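Welcome! Let us walk through this structure together, one question at a time.

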Amino acid sequence: MDNVQLGESFVGEGVNAAHVNTVLGHRDGPAGTAWATALGSPSEGFVPFVAVLKPSLPVKPMTLFVQKAAAANDFHSTATWGAAQAGIAAGVADAVAEGVIPESCTETHALIAAVWVNPGCDDLDAVYRNNRESARRALELGAANGPSLEAVIEARNSPSNPFYTPSQEVAADVAR
């Protein structure tokens, strides 16, 4: 695998949903440079860290967890650095075990996972499950170079996300 793979996945509903973006590429290329730069450039409230399955057991390929929401409170911190981080690590390991990420790439590639954990989350197990599945799906999409262009073109006049869906009138007006 020589190219950089980009993936995205949204899993779950409500405050415990997971939104994960992935960048997987060779350590000697732009993904590796971005990985090292992000790790060495923390900012207030946003401190990238290596995802681990257990203390001192990082997942492979080495995965940098980049939070998309600053810690809002103690529970949100636990959800981000505990449940979501464990879910990301397990989802990456799932992708390796399932052959989505070839074993040969586990020593030569770096992975960046940009992860949204809602500050209002309230169920650590749901945060874990959703992030595990979202990481695996994002990596699957990246490996398949998804989504298809046909799917993108088909959805262009009916965009929707958990935070906003335009009215049919607005969508139809803009589509003209």
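## A guided tour in questions

Q: Is Ile-153 buried, partly exposed or exposed?
A: Buried means under 20% relative accessible area, exposed means over 50%, and partly exposed lies in between (1.4 Å probe, protein chains only). Ile-153 has a relative accessibility of 44%, so Ile-153 counts as partly exposed.

Q: What kind of model is this, and which pLDDT do local features need?
A: Residues are numbered from 1 along each chain as its sequence is written, and side-chain values use heavy atoms, with hydrogens and water left out. This is a predicted model in which totals for chains, interfaces and linings use all residues, side-chain atom pairs count only at pLDDT 80 or more, and local features need pLDDT of at least 70.

Q: Which helix holds Ile-153?
A: Helices here are DSSP runs of H or I with at least four residues, and strands are runs of E with at least two, numbered from the N terminus. Ile-153 belongs to the helix of residues 149–155, named α4.

Q: How far does helix α2 reach from its first C-alpha to its last?
A: The expected span of a helix is 1.5 Å times one less than its number of residues. Helix α2 covers residues 74–97, 24 residues, for which 34 Å is expected; its reach is close to that, at 33 Å.

Q: Where does α2 bend by about 30 degrees?
A: The bend at a residue is the angle between axes fitted to the seven residues ending there and the seven starting there. For α2, the angle of about 30 degrees is found at Ala-84.

Q: Which residue caps the N-terminal end of α2?
A: A polar contact is a pair of N or O atoms within 3.5 Å; within protein, one must be able to donate a hydrogen and the other to accept it, and residues adjacent in sequence count only if both atoms are side-chain atoms. Here a side-chain oxygen lies 3.1 Å from the backbone nitrogen of Phe-75, and the capping residue is Asn-73.

Q: How many residues apart in sequence are Lys-60 and Glu-107?
A: A salt bridge is a side-chain nitrogen of Lys or Arg within 4 Å of a carboxyl oxygen of Asp or Glu. The side chains of Lys-60 and Glu-107 meet in one, at 2.8 Å from N to O. Lys-60 lies in the loop between β5 and β6 and Glu-107 in the loop between α2 and β7, so the pair ties together parts whose separation in sequence is 47 residues.

Q: Which residue forms a salt bridge with Arg-132?
A: Side chains of opposite charge can pair when their charged atoms come close. For Arg-132, the closest N and O atoms are 2.7 Å apart, and the partner is Asp-94.

Q: Is Arg-136 buried or exposed?
A: Arg-136 meets Glu-98 in a salt bridge, at 3.7 Å from N to O. Its relative accessible area is 14%, so Arg-136 is buried.
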